[in-house]
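Have a look at the model first, then read on.

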Amino acid sequence: MTLRDVLLAGLNSLPGTREFHLHALVSSPRKHGNLFPFANPRPRSYLQDILILLSEQTTPDSPSVFVSAIEACVYNIPTTSCAILYVSKVDSTGQATAPSPTPALVRALLLFYADPATRPVSADHLWIHVFARAQNQYLFPNSSEYPKKHPLSDIKLCAWWKRQFSTVIGELTSRVGDTCRTKLYYTLPGLSEFEAHHSLERVYPSTGSTSSWTYGHPYSQDEIPLPCPCPSGGDSPRHLGQCIPSFDDDPKSRFIDEIAYTTDADGVRSPERKRPRADTLKTYEEDTSSADASEKKEGRSKKEDQTHKEVKKVSVEEFWERMSFRQECIAGAVTGFFVIAVSAATPPSTLSTSEVSPLAPQPGQVSSQMNKRVLTSLLTAHEFPSVEKAVWSTKVIEDSIRGLCDGLKSNPLPLVIPDRSGRRTPEPDPVRTTLAPPQTPPPRLVNGKRPIVDISPNPFPEPVASLETYHSYIFGSIAVKNRPAPTKERSEATLSAGNGTPPIITVLTARKKRTKS
């Protein structure tokens, strides 16, 4: 099953009568060398972008309006047979019919990659990373101005994510049984394990949940392999840069960069050496030409070695302890880091690993530029503060996705009407010149030598979307016709006595204290 079909199936059990329209954009794999920037050597990884847009139509005559959106990334590391699913943003407009389809959409996405039977990436181990930070809006600009949108607070958002992961792991266990090992970790910087547990349990009690959570980080366990290859075959311990992956807009990545590039104890780097005066420049260059040449030759390697040394000085436990004092994690709101590890053998494929390249585009995938273009248009050219503006933005974006799939082809030649008058102006004979044969330009030199290119060109061309791709993999609709969700009055009635009578409430009166006369 494709991602679109799995997401639509996850929405089929929602209560009420409505129709959903789904757009699932998955880019083709491309090389990515910055997943572990401080690992030496850097592991080879491949990146895919995911953008999911869901719109709702309450009646056949009513317009369609966006209600939910998900932005995520998938990293494939073939060396360790690991994959990383990083869910960066989840947002809603608040204009959906209750209950909101966002939880069902998120669970369907997580289960699609967690289940080895449906996982589209050839990897035996999956790591899911989420950074929970409460904000009024993520993907729908000005949607916080809509009166019916109620964003979750910091504690409620962390409890919401923990509840979704517990539900997904429970469903996965019922599917695969004991053939799948799972590990669940969460950390709320600034809170102890006791405080974090009771804060989340107060919002969503984990009654009936069989998932076992560990408060802390997963980088000290050895049951499920980590994505970054172990150095020297496991003889030397891992350092910080080989444990924590680097994502975009992630506080962990910013903190590691600060550790790596701040070499002084006070957090201030020494200034670079000033340029000499003009009158002594010639003499200075003659005296230091050989020394500068050697320094330039070793400058890059020394800089990389220095950053790696700074990262190696900080242990993983110290890193997470210092994260509790970061402004991003304690600036008046509670944040949460969630890491889920799933290890299971993938079903055997008809093609061997050597026959399938991780860069080969699969059917239904689009180019990364198309995904970026749609996301940029959503974030910069549209807003969702009211129903009228949301309906207009929804129509424009949905039409643009279809137009990009239909219009990525060469324009037809303009129709030229032949002149039948018989009059013709003689054209001058073109001057025939012999063009120089094409040749490769000389390589660009940096410090007198060829630069080391981290990313080699992709041997596969970017996929070109078509209307067939749009209807078969990207766009899909489903009409939901289920019983409506129970109202508050009906829920209170179910908690009453079994004979349908309201529960008996005993009102206690306070006795007044008698005063002595």
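Which residues are linked in a network of salt bridges? The members are Arg133, Asp249, Arg254 and Glu328. Keep in mind that this is a predicted model.

## Salt bridges overall

Counting through the whole structure gives 17 salt bridges. Besides the network of Arg133, Asp249, Arg254 and Glu328, a few individual pairs are worth a look.

## A pair between two strands

Start with Arg30 and Asp49, which form a salt bridge with their closest N and O atoms 3.0 Å apart. Arg30 sits in strand E2 (residues 30-32) and Asp49 in strand E3 (residues 45-57), so this pair ties together parts that are 19 residues apart in sequence.

Asp49 comes in at 15%, and because the cut-off for buried is under 20%, Asp49 counts as buried.

## Pairs within a helix

Helix H3 (residues 154-176) holds both Glu171 and Arg175, four residues apart, or about one turn of the helix. Their side chains meet in a salt bridge, at 3.5 Å from N to O. Glu171 is partly exposed at 35% relative accessibility, and Arg175 is partly exposed too, with a relative accessible area of 46%.

Helix H7 (residues 316-323) has a pair of its own: Arg322 and Glu318 are four residues apart there, separated by about one helical turn. The N to O value for this salt bridge is 3.5 Å. On the accessibility side, Arg322 counts as partly exposed at 35%, and Glu318 is partly exposed with a relative accessible area of 30%.

## Helix H9 against helix H10

Now for the packing. Two packed helices are described by the angle between their axes and the distance between the axes. For helix H9 (residues 368-380) and helix H10 (residues 387-407), the axes come within 11 Å and cross at roughly 160°. An angle over 145 degrees counts as roughly antiparallel, so that is the label for H9 and H10. The crossing of H9 past H10 is right-handed.

Which residues make the contact? From H9 come Met370, Arg373, Val374 and Leu378, while H10 supplies Ile397, Ile401, Leu404 and Cys405. By type, the residues of this contact of H9 with H10 split into seven nonpolar, no polar and one charged.

Key: Residues are numbered from 1 along each chain as its sequence is written. This is a predicted model: local features need pLDDT of at least 70, side-chain atom pairs count only at pLDDT 80 or more; totals for chains, interfaces and linings use all residues. Side-chain values use heavy atoms; hydrogens and water are left out. A salt bridge is a side-chain nitrogen of Lys or Arg within 4 Å of a carboxyl oxygen of Asp or Glu. Buried means under 20% relative accessible area, exposed over 50%, partly exposed in between (1.4 Å probe, protein chains only). Axes are lines fitted to C-alpha atoms, for helices over the stretch in contact, and angles run from 0 to 180 degrees between N-to-C directions. Angles under 35 degrees count as roughly parallel, over 145 as roughly antiparallel, 65 to 115 as roughly perpendicular and the rest as oblique. A crossing is left-handed if the near helix is turned anticlockwise from the far one by less than a right angle, and right-handed if clockwise. Contact means heavy atoms within 4.5 Å. Ala, Val, Leu, Ile, Met, Phe, Trp, Tyr, Cys and Pro count as nonpolar, Asp, Glu, Lys and Arg as charged, and the others, Gly among them, as polar.
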